[in-house]
Amino acid sequence: MAALLEVSGLTMRFGGVTALSGVDLAVGEGELVGLIGPNGAGKSTLFDCLTRRCAPQEGRVLLAGEDLARLPAHRVAGRGVARTFQNTALFPGLSVRENVMAGAHRHGRAGFWGAALGLAAGEERRLRETADALLARFGLGEYADHPPEALPYGTTKLVEIARALAAGPRLLLLDEPAGGLAPAEVPAFAGLIRRLHAELRLTIVVVEHHLDFVLSLCRRIVCLERGHKIADGPADAVRRDPAVVAACLGVTR
Ligand SMILES: Nc1ncnc2c1ncn2[C@@H]1O[C@H](COP(=O)(O)OP(=O)(O)OP(=O)(O)O)[C@@H](O)[C@H]1O
């Protein structure tokens, strides 16, 4: 399997705190990888480095062989990297549909706001069709005109994933997608991600504290602890790894 993402020697320090220390990670095209680790392990910081929200002091991030550090941060999404956030980050002033349309704007010539302002009516129609198709796929069509703040938390998580997918990413980074879901909602949610992965042939990295969820979803698991990668391999082996058990003890929910 060709590596879509190749991270090597990644080190990110915030003042005296080393959030990532020489992390190497290769993710093959089409893989679904779980990223686990206790609080403060560096998981979100790794996502921040992959999306250029952080500029690591050392190391490289290659996407399909291209060094992301050489790109302006706003071009990273255009290269096909999309993410969701630990706490959903939907735009409160926009409807659910408009939120998803905003996610699609990287493909637009006039851009989302230009389209929304009527500068390119055809473009806006195309964005709207993309958004509505995604909302239908997620069973969210009935909420298209609602403000996101009126929806249950679990539903806003789905809208956020739909928004990330609207950009047509090659690499989807999900930061604690199951966080805040009711236990009864988790298996169906895992099924949805599995289907998206299979049907869209996406490459996905999922950060998750919910170990049962991530272990059931991903064949391969990577574990970080205090900025170091301490395990990387098949889920069955990683879940039994004594270093992983020690690091993650107490984070199972
Ligand atoms: N912007 C920042 N400024 C200073 N320190 C930061 C910043 N972002 C992260 N850190 C520190 O870097 C370390 C790694 O944090 P990070 O949020 O990446 O961990 P995490 O594994 O995602 O944790 P959690 O599971 O709690 O979300 C922590 O010690 C955190 O306090």
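Which residue of strand 4 stands opposite S8? Select S8 and look across: the residue is R60. This is a predicted model.

**First stop: the 4-strand sheet**

Now select residues 3-14, strand 1, and residues 58-63, strand 4. The two run antiparallel, joined by 5 bridges. They belong to an open sheet of 4 strands, in the order 2-1-4-5, with antiparallel pairing. Go next to strand 2 (17-28) and strand 5 (66-67). Each has a single partner strand, so one side of each is left without a neighbour in the sheet.

**Second stop: helix 1**

Select residues 43-50. This is helix 1, lying across strand 1, strand 2 and strand 4. Its direction is at about 65 degrees to strand 2.

Pick strand 3 (residues 32-36) and strand 9 (residues 220-225): they run parallel, with 4 bridges between them. Within that pair, G34 has I221 as its bridge partner.

**Last stop: the ligand**

Select F14, V17, A19, G37, N39, G40, A41, G42, K43, S44, T45 and Q86, the residues around the ligand. Strand 2 and helix 1 each give two or more residues to this shell. Helix 1 gives the most, with 3 residues. By type, the shell holds 4 nonpolar, 7 polar and 1 charged.

Notes. Residues numbered from 1 in each chain as written. Predicted model: local features only at pLDDT ≥ 70, side-chain atom pairs only at ≥ 80, totals over all residues. Pairing = 2+ DSSP bridges. Contact = placed C-beta atoms within 7 Å. Axes fitted to C-alpha atoms, helices over the stretch in contact; angles between N-to-C directions. Near = placed C-beta within 6 Å. Nonpolar A, V, L, I, M, F, W, Y, C, P; charged D, E, K, R; others polar.
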